[in-house]
Amino acid sequence: MQDGRAPRIKNRAPAAIQVTAEQLLRDAQERQESQFRAPKQRVEDFEELHEYRGRKREEFEKRIRQTRGNIKEWLQYANWEASQGEYARSRSVFERALDVDPRSVQLWLSYTEMELKGRNVQHARNLFDRAVTLLPRVDQLWYKYVYLEELLQNVPGARQVFERWMQWEPDDKAWQAYIKMEQRYNELDRASAIYERWVAIRPEPRVWVKWGKFEEERGRVDKAREVFQTALEFFGDDEEQVEKAQAVFNAFAKMETRLKEYERARVIYKFALSRIPRSKSAALYAAYTKFEKQHGTRTSLESTVLGKRRIQYEDELAHDGRNYDVWFDYARLEEGALKDLREEGATVDEEEQAIGRVREVYERAVAQVPPGGEKRHWRRYIFLWLFYALFEEVETKDYDRARQIYQTAVQLVPHKRFTFAKLWLAFARFEIRRLNLPAARKVLGAAIGMCPKEALFKGYIQIEFDLREFDRVRKLYEKYIEFDPTNSAAWIKYAELETQLEDFTRTRAIFELGVSQPQLSMPELLWKAYIDFESEEGEREKARSLYERLISLSGHVKVWISYALFEAEALPLPRAEREEEGDEEEVPMVEGDADRARQVFQRAYNDLKSKGLKHERVALLNVWKSFEEKNGTQAEIDKVQKMFPIVSRKRHVDEETGQAVEDWDMVFADDERESNPASFKFLQMARAWSEAKKSGIAVPPSALLAGVSQQQQQQPGSQTEDRREEAARQTRDDDNDDASSVASSQHDD
C-alpha cells in the first residue's frame with residue numbers, strides 16, 4: 001500500500017487452492033486459547049474442612065463489609081452456609097441481611113426457599129407470616145404462602161391466609177385464585193359468597209359477568225338471572241351507566257340464548273340498544289345481528305343490519321359531515337329499506353316513518369353546503385339535490401315537493417360564478433314529464449339568459465328537436481352561434497340539422513358563414529364537414545373549389561393528400577341529375593379521375609418543394625406510391641419511386657464548439673439535379689455501388705471515382721477541384737468504413 005492507496009491487483013485469476021469459510025472457522029477455533037479454570041481442591045480431613053470454611057467465611061465477611069447494601073453478596077453468603085449444612089449460620093446471615101434491607105422481596109423469597117429445602121416448614125410459615133405482615137401489597141408473597149399451606153393439605157390454613165389477603169382488597173387475580181381454590185375442593189357456596197364480596201368491593205361489569213357465568217355453570221339458572229338483574233338495577237337507566245353495562249347486557253342475552261329463551265334475549269338486546277346511542281353500541285349491535293342471523297326472522301334480521309349500517313354511517317359523518325359519498329350511501333340505504341317495506345306489505349304508518357327517515361337523511365345532506373366559491377367543491381354536492389328530487393317524484397309522487405326542491409337548488413347555486421347544466425336540464429325534463437312545456441321552456445330560457453353554457457344549448461336543442469319544434473331549434477342554434485361563433489361543432493350541428501330537413505341552400509349558407517369566421521376552434525373539422533356534404537351531394541366541382549380555397553389558406557400536406565384522393569374516388573350522381581327511383585335502388589355513382597389526382601399530387605409535391613418541407617414531401621410520396629400501386633402502371637410506380645430522397649451523411653463544423661459534426665440529411669434527386677449536377681451524379685453512382693454490393697457484384701470504389709472525375713472535368717475552375725476533393729475524401733471514408741454508409745437508399749414504405 002503506497003501513498004494511502006490500495007495496491008493494484010495485477011493477477012485476478014482464482015488461486016489454485018481455494019479456502020472455504022468452514023476451514024477459516026475451524027482454524028480460528030483451533031487457535032483460540034483455552035480458558036483459565038480454577039484448580040479443584042480436595043478436602044481430606046476435618047481440619048482442612050474447618051480451614052476451608054474459615055477462609056470462605058473471611059472472604060464473604062470482607063466482601064459484605066465492602067458492599068454492605070449489595071443483597072447479592074448476602075444471598076451468596078447465606079446460600080453457601082446452607083449448602084454446608086450450617087442452617088443456624090445461614091439464618092443468622094439472612095437476619096443480618098434483613099436488617100440491612102427488610103423490604104427486599106428477593107431476600108424474603110430466598111430465605112423461605114432455604115428453609116423449605118431444609119424441610120423446616122414451621123420456620124418457613126413464620127417467615128411468610130412476617131413477610132406478608134411487612135409487605136402486604138406484594139402478591140407474590142401471598143401466592144407463595146397460600147401455595148405452601150395448600151401443598152401441606154392445610155385447606156383451612158390456606159383459607160385463613162386468603163381471608164387475611166382479601167382484607168387488603170387486592171386485584172382481580174387474587175379473588176380469582178381464592179374462588180378457584182374453593183372450586184377445587186367443591187366449595188361452590190363459599191365461592192358464590194366470595195363473588196358477592198368481590199362485587200361489593202369492585203362493582204364492575206366484568207365482575208358481574210363472571211359471577212353470572214359461574215352461577216350458570218353450576219346449574220343455578222335462577223341465581224344467574226338474579227345476579228344479572230341485580231347488576232342491571234345497580235347500573236340503572238342512566239345513559240352513561242347503560243353504556244358502561246353493555247357487557248352485562250350482552251352476557252345476559254347470550255345466557256338466555258344458550259337456554260333457548262330467544263324472546264328474553266331479544267327483549268334484552270332491544271332494551272339496551274334503545275338506551276345507548278348508535279355511535280357507542282357497535283359491539284352490542286354486532287352481537288344482536290349475529291343473534292338475529294341465527295334465531296331471528298328475515299324482517300328482524302334486516303332491521304338489525306340496517307341499524308348496524310346506520311351506526312357506521314353516523315360515525316363516518318361525525319368525523320366529516322361533508323363526505324358526500326357517505327351521504328349517497330346513507331340515502332340509498334334508507335331508500336332500499338323503504339322498498340323492502342313496500343314489498344313486504346307494511347302498514348301506512350310504517351311506510352310514512354320510512355319515508356320520513358329518507359327525507360331526514362336528504363335534508364341533513366343538502367344542509368352541508370360546500371365552503372368557498374369553487375365549482376369543484378360543488379360537483380358531488382349537486383347530485384344530492386338531484387337524487388332528492390327524483391326520490392320525491394318517483395317514490396313518493398309528491399310533485400309539488402319535487403318542484404320546490406328543484407327551485408331551491410337553482411336558487412342556491414351561485415350562477416354568477418358557475419352553474420350546472422344538469423340541474424337546469426333535470427328541472428326542465430321534470431316539467432315536461434308533468435306536461436308543463438311552457439314552464440320547462442321558461443326554466444331553460446332563464447338558464448340561457450342568466451348563465452349561457454354549451455351544455456345548456458345542447459340540452460335545450462335536443463329537447464326541442466325531440467319535440468319536432470324545428471323553428472325553435474333554428475332559433476336556438478342562432479343563439480348558440482351568437483354566444484360562441486368560434487365553436488366549429490355548433491356550425492356543423494346546425495348544418496346537419498338543415499341537411500336532415502333537406503334545406504340544402506340553408507346548409508351551404510351556414511357552412512359559408514362558418515368558414516368565413518376569422519377565428520375558429522378546430523377549423524379543419526368545419527372544412528371537412530363542408531367538403532363531405534358537397535361530396536355526398538355529388539357536387540364535385542363545388543367540393544373541388546372548397547379544396548382549392550382550403551389549400552390557399554393552409555397548404556398542409558394532409559389537405560393535399562385528401563384533395564388528391566378525392567379526385568380519384570367515386571361520388572354519387574348530383575342530386576339534380578338523379579332519376580326518380582325506388583328507395584331500395586342504389587344511387588348511381590360517378591367514377592373519379594386518376595389523371596386529375598396525379599396532377600394534384602404533382603402540384604402538392606411542387607408546392608411542398610418550394611416551401612422546403614422534406615418530411616412532408618416523403619409523406620406525400622408514400623401516399624402517392626400507394627395510390628399508383630392500386631390505380632397506376634409499373635411506369636407510374638417507378639416514376640414515383642425515383643422521386644424518393646436518398647439519405648446521405650454530411651459533415652459540417654459546429655459554430656459553437658468548432659468541431660466537425662455528422663448529420664443525416666434527405667437529398668431529393670430533383671433538388672440535387674438542379675443545384676449540383678456533379679454531386680447528384682456521384683450520389684447516383686454511390687447508390688449503384690451500394691446496390692451492386694448487396695447483390696454480390698464487386699465494384700471497386702476507384703471505378704466510381706473515375707466516373708465522377710470524368711463528370712467533374714466538365715466543370716471549370718476551382719469549383720471542379722473542390723468537388724473532386726470532396727468526392728475523393730468521401731471515397732476514402734467509404735473505404736475506411738468498409739463502404740457501409742456512403743449512401744443508403746432508406747425509404748419508409
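This is a predicted model: local features need pLDDT of at least 70, side-chain atom pairs count only at pLDDT 80 or more; totals for chains, interfaces and linings use all residues.
I take contact to mean heavy atoms within 4.5 Å.

**Entry: Thr112**

I found Thr112 in helix 5, which covers residues 105-117. Which residues does Thr112 contact, leaving aside its neighbours within four places in sequence? I noted Ala124, Leu127 and Phe128.

**Entry: the whole chain**

I stepped back to see the overall make-up. The chain has 37 helices and 5 strands. Of its 749 residues, 40% count as buried. I also looked at how far apart in sequence the contacting residues are. Among contacts with a separation of 6 or more, 49% join residues 24 or more positions apart.

Next I turned to pairs of helices. Two packed helices are described by the angle between their axes and the distance between the axes, so I looked up both values.

I noted the crossing of helix 3 past helix 4 as left-handed.

Which residues make this contact? From helix 3, I listed Trp74, Leu75, Tyr77, Ala78, Asn79, Glu81 and Ala82. From helix 4, I listed Tyr87, Arg89, Ser90, Val93, Phe94, Arg96, Ala97 and Val100. Sorted by class, the contact of helix 3 with helix 4 has 10 nonpolar, 2 polar and 3 charged residues.

**Entry: helix 7 and helix 8**

Helix 7 is residues 139-151, and helix 8 is residues 155-166. I read an angle of about 160 degrees, with the axes 8 Å apart. Helix 7 and helix 8 are therefore roughly antiparallel to each other. Left-handed or right-handed, how does helix 7 pass helix 8? I recorded a left-handed crossing.

On the helix 7 side, I found Asp139, Trp142, Tyr143, Tyr145, Val146, Glu149 and Glu150. They meet Gly157, Ala158, Val161, Phe162, Arg164 and Trp165 in helix 8. The residues of the contact of helix 7 with helix 8 divide into 8 nonpolar, 1 polar and 4 charged.

**Entry: helix 16**

Helix 16 has 14 residues, 282-295, and spans 20 Å from its first C-alpha to its last. That is close to the 20 Å expected at 1.5 Å a residue. Which residues of helix 16 are buried? My list reads Leu284, Tyr285, Ala287, Tyr288, Thr289, Phe291 and Glu292.

**Entry: Glu393**

Here I followed a charged residue. Glu393 sits in helix 20, residues 381-394. Buried or exposed, how does Glu393 count? With a relative accessible area of 8%, Glu393 is buried. Not counting residues up to four places away in sequence, Glu393 touches Tyr399, Ala402, Phe430 and Arg433. I also looked up the spacing to Arg403, which is 10 residues from Glu393 along the chain; their C-alpha atoms are separated by 8.8 Å.

**Entry: Thr486**

I moved on to a loop. Thr486 is in the loop between helix 25 (470-483) and helix 26 (488-500). Its relative accessibility is 26%, so Thr486 counts as partly exposed. Leaving aside neighbours within four places in sequence, I found Thr486 in contact with Gln519, Leu520 and Ser521. Thr486 and Gln519 are 33 residues apart in sequence, yet 5.8 Å apart in space, C-alpha to C-alpha.

- Glu502 has a positive phi of about 60 degrees, although it is not a glycine. I placed Glu502 in the loop between helix 26 and helix 27 (504-515). At 57% relative accessibility, Glu502 counts as exposed.
- Met522 has a phi near 60 degrees, again a positive value in a residue other than glycine. I placed Met522 in the loop between helix 27 and helix 28 (523-536). Met522 has a relative accessible area of 48%, so I count it as partly exposed.

Terms used: Residues are numbered from 1 along each chain as its sequence is written. Side-chain values use heavy atoms; hydrogens and water are left out. Helices (H or I, at least four residues) and strands (E, at least two) are DSSP runs, numbered from the N terminus. The expected span of a helix is 1.5 Å times one less than its number of residues. Buried means under 20% relative accessible area, exposed over 50%, partly exposed in between (1.4 Å probe, protein chains only). Axes are lines fitted to C-alpha atoms, for helices over the stretch in contact, and angles run from 0 to 180 degrees between N-to-C directions. Angles under 35 degrees count as roughly parallel, over 145 as roughly antiparallel, 65 to 115 as roughly perpendicular and the rest as oblique. A crossing is left-handed if the near helix is turned anticlockwise from the far one by less than a right angle, and right-handed if clockwise.
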